[in-house]
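These are my notebook entries on a structure that is new to me. I set down what I looked up, topic by topic.

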Amino acid sequence: MQGRLTGKVAFITGLARGQGRAHALRLASEGADIVGLDLCAQIDTVDYPMSTPDDLAETVKLVEGLDRRIVARIGDVRDAESIRSVVRSGLDEFGRLDFVIANAGIMPIWGEHSDTMAAWQDCLDVLLTGVLNTIEATYPQLVAQGSGGSIVITSSMAGVAPMMRTLEGRTLGLLGYSAAKAALVNLAQNYASILAAHHIRVNTVHPTGTRTPMVVNEVMANHVVKDHPDDLKALVNAMPVDMVEPEDIAAAVAWLCSDDSRYFTGSSLRIDAGASLR
């Protein structure tokens, strides 16, 4: 398959479903081979169902259906060695690495365990330290290759705007989620600065509500739509859509990986249907 990413290799965390799967399929459709990981297990503070090994197997099947190769493993971004192990497997298979999509995420922001310090800490561990671990495990290979590259970090509109309007909607999990997503902007800017001399670009993407299992689930429906409808006003799209699709985010990620964005770095890209205008 010929495309603008032919011959390239992308490493993706949170690969099994949602945005991670969409990124894998979009990049593969443009010619890239894929390496990635997903926890494929439940975290105690997360009340909606997380990904499973079957989800990861489905992503593998779909990528291979595009006639691309994929190395997919179960792994945990909170564990730096877990990431390094998958990266080594990918390098053994493909011999190079070009793009890093730090996408793995959780949302323990509503539900039974959301207003606990454990939820706050899990957000920081997965969403912030997990991204740090991912970049630290991959950027040395990009530098060593000497051919540049792109690192894309999944942030959120929660990283640039308040997500809470009422005391009833406030949880420690949502505070942790928002704080971590905001911190990713600074993290990306620092990595962009130190890696620019190597033609390695680092950017964040900031989706509005996206139609994935992390957002479309019973916890979201019960605890926000029914119990705290006023908090839905914290994120209102200017365009007449309730959510965007994961493929919309994947299209932006593909652009950030391509040479079409070769001088775009240290920036925050909002795919928000105009939510920032409201």
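This is a predicted model: local features need pLDDT of at least 70, side-chain atom pairs count only at pLDDT 80 or more; totals for chains, interfaces and linings use all residues.

**Entry 1: aromatic rings**

I looked for aromatic pairs and found that the structure holds two. I followed up the pair formed by Y139 and Y191, whose ring centres lie 6.3 Å apart with 50° between the planes. I recorded this pair as tilted, because planes under 30 degrees apart count as stacked and over 60 as edge-to-face.

Where do Y139 and Y191 lie? I located Y139 in helix α4, residues 117-145, and Y191 in helix α5, residues 172-195. The two tyrosines are therefore 52 residues apart in sequence, and their pair ties those parts together.

**Entry 2: helix α3 against helix α4**

I next examined how helix α3, residues 80-94, lies against α4. Their axes come within 9 Å and cross at roughly 35°. The crossing of α3 past α4 is right-handed.

Which residues make the contact? On the α3 side I listed A80, I83, R84, V87 and L91. On the α4 side I listed G130, N133, T134, A137, T138 and Q141. Sorted by class, this contact has five nonpolar, five polar and one charged residues.

**Entry 3: helix α1 against helix α2**

I turned to helix α1, residues 18-29, and helix α2, residues 53-65. Their axes are 10 Å apart, and the packing angle is about 15°. Angles under 35 degrees count as roughly parallel, so I described α1 as roughly parallel to α2. As α1 passes α2, the crossing is right-handed.

From α1, the residues R21, A24, L25 and A28 take part in the contact. They meet D55, E58, T59, L62 and V63 of α2. I divided the residues of this contact into five nonpolar, one polar and three charged.

**Entry 4: A22 in helix α1**

I kept a separate note on A22, which also lies in helix α1. Its relative accessibility is 8%, so A22 counts as buried. What does A22 touch, leaving aside residues up to four places away in sequence? I found P246, E247 and A250.

I also compared the position of A22 with that of A137. The two are 115 residues apart in sequence, and their C-alpha atoms are 23 Å apart in space.

**Entry 5: positive phi angles**

H199 is not a glycine, yet its phi is positive, at about 60°. I placed H199 in the loop between α5 and β6, the latter covering 200-207. With a relative accessible area of 60%, H199 is exposed.

A273 is likewise not a glycine and has a positive phi, of about 50°. I found A273 in the segment after β7, which covers 268-271.

Key
Residues are numbered from 1 along each chain as its sequence is written. Side-chain values use heavy atoms; hydrogens and water are left out. Rings of Phe, Tyr and Trp (its six-membered ring) pair if their centres lie within 6.5 Å; planes under 30 degrees apart count as stacked, over 60 as edge-to-face and the rest as tilted. Helices (H or I, at least four residues) and strands (E, at least two) are DSSP runs, numbered from the N terminus. Axes are lines fitted to C-alpha atoms, for helices over the stretch in contact, and angles run from 0 to 180 degrees between N-to-C directions. A crossing is left-handed if the near helix is turned anticlockwise from the far one by less than a right angle, and right-handed if clockwise. Contact means heavy atoms within 4.5 Å. Ala, Val, Leu, Ile, Met, Phe, Trp, Tyr, Cys and Pro count as nonpolar, Asp, Glu, Lys and Arg as charged, and the others, Gly among them, as polar. Angles under 35 degrees count as roughly parallel, over 145 as roughly antiparallel, 65 to 115 as roughly perpendicular and the rest as oblique. Buried means under 20% relative accessible area, exposed over 50%, partly exposed in between (1.4 Å probe, protein chains only).
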